[in-house]
Amino acid sequence: MGSMRGLLKREVAKQAEVNVETLRYYERRGILPTPPRDGANYRHYPETAVQQVRFIKRAHGLGFSLKEITSMLFLRNNPKTSRAAVKARAEAKLTDIDKKIECLTEMRDALAQVAMLCDGKGSIDGCPILQALEGE
């Protein structure tokens, strides 16, 4: 674990199982506070930074955008936040994912129909897939 002064960037990255560039990216986006430098020009992160980075990583893996994660972190760090507020965010993301699945399914079905037009034999001249994509 880190010293009383906190953790170095590489220690946070290792414990949170991300690379240092990910931490820099989160800092640039304003989702992870950048700690001040000490006299030796090192940044020392609080121990809580590991948990916060893990939270960001997991939320991103569930489809939340960095903007949405910033909002979730605000809720997480606000003692007045209700569980209902957090649940509403999760349900809104579920609805968003369901819409994406529906759209992807429609795209897949349309592409499967186009792909069935071609037997894959012969020259490219008159290729039914290309013709379909060209709107012919």
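**Entry 1: helices and the model**

I began with what a helix is here: helices (H or I, at least four residues) are DSSP runs, numbered from the N terminus. With that settled, I looked up Gln52 and found that Gln52 sits in helix α3. I noted that the model is predicted, that local features need pLDDT of at least 70 and side-chain atom pairs count only at pLDDT 80 or more, while totals for chains, interfaces and linings use all residues. I also noted that residues are numbered from 1 along each chain as its sequence is written, and that side-chain values use heavy atoms, with hydrogens and water left out.

**Entry 2: helix α3**

I then followed helix α3, which covers residues 48-61 and has 14 residues. From its first C-alpha to its last it reaches 20 Å, close to the 20 Å expected at 1.5 Å a residue, where the expected span is 1.5 Å times one less than the number of residues. After α3 comes Gly63, whose phi is positive, near 100°.

Is Gln52 buried or exposed? I wrote down that buried means under 20% relative accessible area, exposed over 50%, and partly exposed in between (1.4 Å probe, protein chains only). Gln52 counts as buried because its relative accessibility is 14%. The buried residues of α3 are Ala49, Val50, Gln52, Val53, Ile56 and Ala59, and they pack against α1 (9-16), α2 (20-28) and α4 (66-77).

For contacts I used the rule of heavy atoms within 4.5 Å. Not counting residues up to four places away in sequence, Gln52 touches Ile31, Leu32, Pro33, Leu73 and Arg76.

**Entry 3: the largest nonpolar core**

Next I looked at the nonpolar core, which is a set of buried Ala, Val, Leu, Ile, Met, Phe, Trp, Tyr and Cys residues joined through side-chain atoms within 4.5 Å. Which residues touch the most other members of the largest core? Of its 20 residues, these are Val12, Leu23, Tyr26, Ile31, Val53, Ile56 and Ile69. The elements that give two or more residues to this core are α1, α2, α3 and α4, and α3 gives the most, with five residues.

I picked out Ile31 and, leaving aside neighbours within four places in sequence, listed its contacts as Tyr26, Gln52, Ile56, Leu66, Ile69, Thr70 and Leu73.

**Entry 4: Lys9**

I turned to Lys9, which lies in helix α1. Lys9 is buried, because its relative accessible area is 17%. Beyond its neighbours within four places in sequence, Lys9 is in contact with Val20, Leu23, Arg24, Glu27, Arg43 and Tyr45. I also checked Lys9 against Pro128, and the two are 119 residues apart in sequence and 55 Å apart in space, C-alpha to C-alpha.

**Entry 5: salt bridges**

Side chains of opposite charge can pair when their charged atoms come close. I took a salt bridge to be a side-chain nitrogen of Lys or Arg within 4 Å of a carboxyl oxygen of Asp or Glu, and by this rule the count comes to six.

One of them joins Arg24 to Glu21, with the closest N and O atoms 2.5 Å apart. Both residues lie in helix α2, three residues apart, which is about one turn of the helix. Arg24 is partly exposed, with a relative accessible area of 36%, and Glu21 is partly exposed at 46%.

Another joins Lys87 to Glu91, with the closest N and O atoms 3.4 Å apart. These two are separated by about one helical turn, because they are four residues apart in helix α5 (residues 83-116). Lys87 counts as exposed at 52% relative accessibility, whereas Glu91 counts as partly exposed at 42%.

Also in helix α5, Asp96 and Lys93 are three residues apart, about one turn of the helix, and in their salt bridge the closest N and O atoms are 3.1 Å apart. Asp96 is partly exposed, with a relative accessible area of 28%, while Lys93 is buried, with 6%. Salt bridges that share partners join Glu68, Lys93, Asp96 and Lys100 into one network.

**Entry 6: Leu133**

Last, I looked up Leu133, which lies in helix α6 (residues 128-133). Leu133 is exposed, because its relative accessible area is 65%.
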